[in-house]
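Hello,

Here is the structure I said I would pass on. My notes on it follow below.

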Amino acid sequence: MPESLKIAIDKNTNIANVKLAGRLDVYNVSRILAQFNAQTNGQHFKKLLLELSEVSYFDSAGAALVIEIERFCKEQKCFFSITGMTKDIKNFLSLIDINSLANPVKFITPPREGIIIRTGKATLKLADDIKNIIIFIGQVTIALLYAVAHPKCVRWGDILVIFERAGVNAVPILITIQFLIGVILALLGAGQLKQFGAEIYIANLVAIAMVQELGPMITAVLVAGRSGAAFAAEIGTMKVSEEIDALESMGINPQHFLVIPRIIAVTLAMPCLLLIANVAGIVGGIVTVMLFLNIPLSMYITQTLNSIDMYIIFQGFLKSIIFAILISGVGCMRGFEVKGGAGNVGLSTTSAVVSGIFLIVVFNGVFTVIFNS
Amino acid sequence: MNKPSDKFSNSIIQVCNLTTGYGDLIIHKNISFNIEKGEIVAICGGSGCGKSTLLRHMIGLETPKSGDILIDNESIVNANQKEKLKILTKTGVLFQSGALFGSLTLAENIKLPIKEYTNLPSETIEILVQLKLEMVNLSGFENYLPSEISGGMKKRAGLARAIALDPMILFFDEPSAGLDPVSSADLDNLILQINKSLGATIVIVTHELASIFEVAERVIMLDKETKSIISDGTPEDLKRDKTNRQTYDFFNRIPSIIERSND
Ligand SMILES: Nc1ncnc2c1ncn2[C@@H]1O[C@H](COP(=O)(O)OP(=O)(O)O)[C@@H](O)[C@H]1O
Ligand SMILES: [Mg+2]
């Protein structure tokens with residue numbers, strides 16, 4: 001039997017007899033509802049009798065239809081009753097209280113706040129954030145000192161694994177990036193220095209830029225994107241799945257267990273990466289010069305070696321070690337900040353990368369001022 | 001044990017010569033059984049015997065090594081993506097943790113499958129949501145986030161979402177895990193009511209004896225050693241059946257580590 005709706009209205013008594021028949025499921029209820037609305041539009045009844053005896057299939061969609069009709073009646077204060085309920089329908093409706101459902105409830109999506117409130121909250125959060133970073137740096141320093149004093153307690157096995165992931169695995173991409181930057185620097189320098197016949201100074205440009213600034217910075221940004229993010233995601237997931245709570249409940253300090261190995265591993269990996277990065281950049285410069293300019297290789301290399309001294313090299317490595325601690329620390333910290341569900345792990349990962357890069361840039365500025373004054 | 005009959009039958013689920021596993025590891029070896037419309041079946045067995053694995057195969061999340069699974073006479077194993085979706089509208093699953101989406105309110109969680117599969121007007125969808133929440137006794141919690149309600153409520157909300165499209169078959173993975181006895185009994189009660197009022201077939205993975213005796217009409221017992229079904233029958237029968245030691249121990253709560261003096 002096809003689904004159908006018949007409405008018979010007694011004009012004298014103003015009673016509507018509504019008869020539903022056939023299969024009432026999610027696929028045809030909306031059509032029947034549209035028919036009902038069209039046929040009853042603008043009418044007022046004293047009574048509405050809903051007849052269901054010929055309904056062959058009834059589920060929630062049918063129930064929703066019945067409730068819509070009931071709501072229609074309630075709105076115009078017309079008497080509503082259902083007749084001819086089959087056993088199936090009775091069974092189905094036994095689970096619910098159809099009268100209470102006649103009152104619609106309000107569905108609220110958690111509201112988005114206005115721009116002013118959000119700006120205010122963001123400012124407060126920033127202040128809070130700075131405080132948290134300082135507290136975290138303090139905690140990490142204490143934990144690091146503890147680790148130095150008790151080297152046996154440090155999880156060297158973990159450090160090895162993290163060193164491989166954060167350090168060794170980053171080498172191919174780092175070499176590619178640095179080599180290309182070396183090429184770009186050399187080409188840029190060639191264009192400018194040629195005008196003065198001073199092409200040989202390309203060697204100085206590339207070497208100093210690499211060793212002092214770009215090497216530490218690019219390496220740090222890469223590590224922030226790879227490992228800072230990974231730490232935040234790992235620790236955040238552990239937080240969500242109560243693994244951090246489990247550590248604490250066993251009396252294991254999560255700082256010692258998770259943060260120290262990560263910071264130590266990245267701090268060990270970073271100078272190695274920096275060395276590789278510097279060499280790759282300088283090689284990029286050399287290859288460019290060999291291909292496009294006729295400067296003898298030995299002369300270029302001598303010029304390169306003369307241009308950098310121990311002080312510059314020391315600056316680069318000192319910076320990269322500080323960056324390593326900042327990046328891995330802030331990555332772990334963002335992980336620990338995760339509250340609630342999986343969505344927040346994503347947010348904390350993003351925030352780990354952003355704060356990591358931010359800290360790199362700020363501290364790089366500070367170092368440049370210190371070293372040049 | 002029921003033998004799987006020819007292709008078109010009354011059985012709503014037919015598992016035929018199913019062999020499953022991960023990589024080289026075989027979990028089930030050539031198992032077959034049928035589940036009839038409206039039945040409440042418990043799948044049980046010790047930890048790691050592959051109950052969840054069997055369930056994941058029945059809802060098409062994993063592909064078996066060989067054999068077939070028919071849901072309402074359609075193979076979910078050989079179905080293409082579109083056919084699979086159609087089969088899946090006939091089933092609902094309540095995962096162990098409830099698996100509610102944390103960023104959505106309860107109402108939005110339930111709306112999700114309804115919006116995805118139907119083109120009902122939003123007013124009707126809202127009535128449906130209200131109806132489902134009423135069915136699981138969560139009226140008034142429409143606008144709560146999952147993180148704001150208790151474990152038992154999460155399970156019930158998950159159930160409301162699982163029944164959003166009035167499925168013919170409902171799968172439960174360890175519904176009583178992590179619930180207090182009262183919430184667990186509430187959930188059992190709800191399962192029975194849903195079976196009665198919606199006529200849904202219900203498949204429950206559980207090792208909660210109290211639940212099994214409360215709701216299950218039939219128990220399928222899996223075994224890790226033989227990778228097969230070792231018992232199939234009513235809970236009362238299995239409890240009395242002494243021919244199979246594992247089953248007897250399971251139903252009479254006999255630990256496997258005690259010395260059996262009567263051996
Ligand atoms: N994704 C997977 N990969 C490999 N092995 C798995 C996977 N999931 C489960 N297993 C293995 O399959 C077996 C059965 O697991 P499962 O179905 O979860 O058991 P149960 O739910 O009965 O406790 C276990 O031995 C488990 O280690
Ligand atoms: Mg399981």
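Ser355(A) is buried, because its relative accessible area is 11% (buried means under 20%, exposed over 50%, partly exposed in between, with a 1.4 Å probe and protein chains only). This is a predicted model, in which local features need pLDDT of at least 70 and side-chain atom pairs count only at pLDDT 80 or more, while totals for chains, interfaces and linings use all residues. Residues are numbered from 1 along each chain as its sequence is written, chains are lettered from A and ligands numbered from 1 in the order in which they are written, and side-chain values use heavy atoms, with hydrogens and water left out.

Ser355(A) lies in helix α12 (residues 342-372) of chain A; helices are DSSP runs of H or I with at least four residues, numbered from the N terminus. Its side chain makes a polar contact with that of Arg334(A), at 3.0 Å (N or O atoms within 3.5 Å, one able to donate a hydrogen and the other to accept it; residues adjacent in sequence count only if both atoms are side-chain atoms). Not counting residues up to four places away in sequence, Ser355(A) touches Val330(A) and Arg334(A) (heavy atoms within 4.5 Å).

The largest nonpolar core has 71 residues, and Leu20(A), Leu48(A), Leu50(A), Phe58(A) and Leu159(B) touch the most other members. Such a core is a set of buried Ala, Val, Leu, Ile, Met, Phe, Trp, Tyr and Cys residues joined through side-chain atoms within 4.5 Å. Helix α2 (residues 60-75) of chain A gives the most to this core, nine residues. A second, separate core has 37 residues, including Ile162(A) and Leu222(A).

Regards

Key:
Helices (H or I, at least four residues) and strands (E, at least two) are DSSP runs, numbered from the N terminus.
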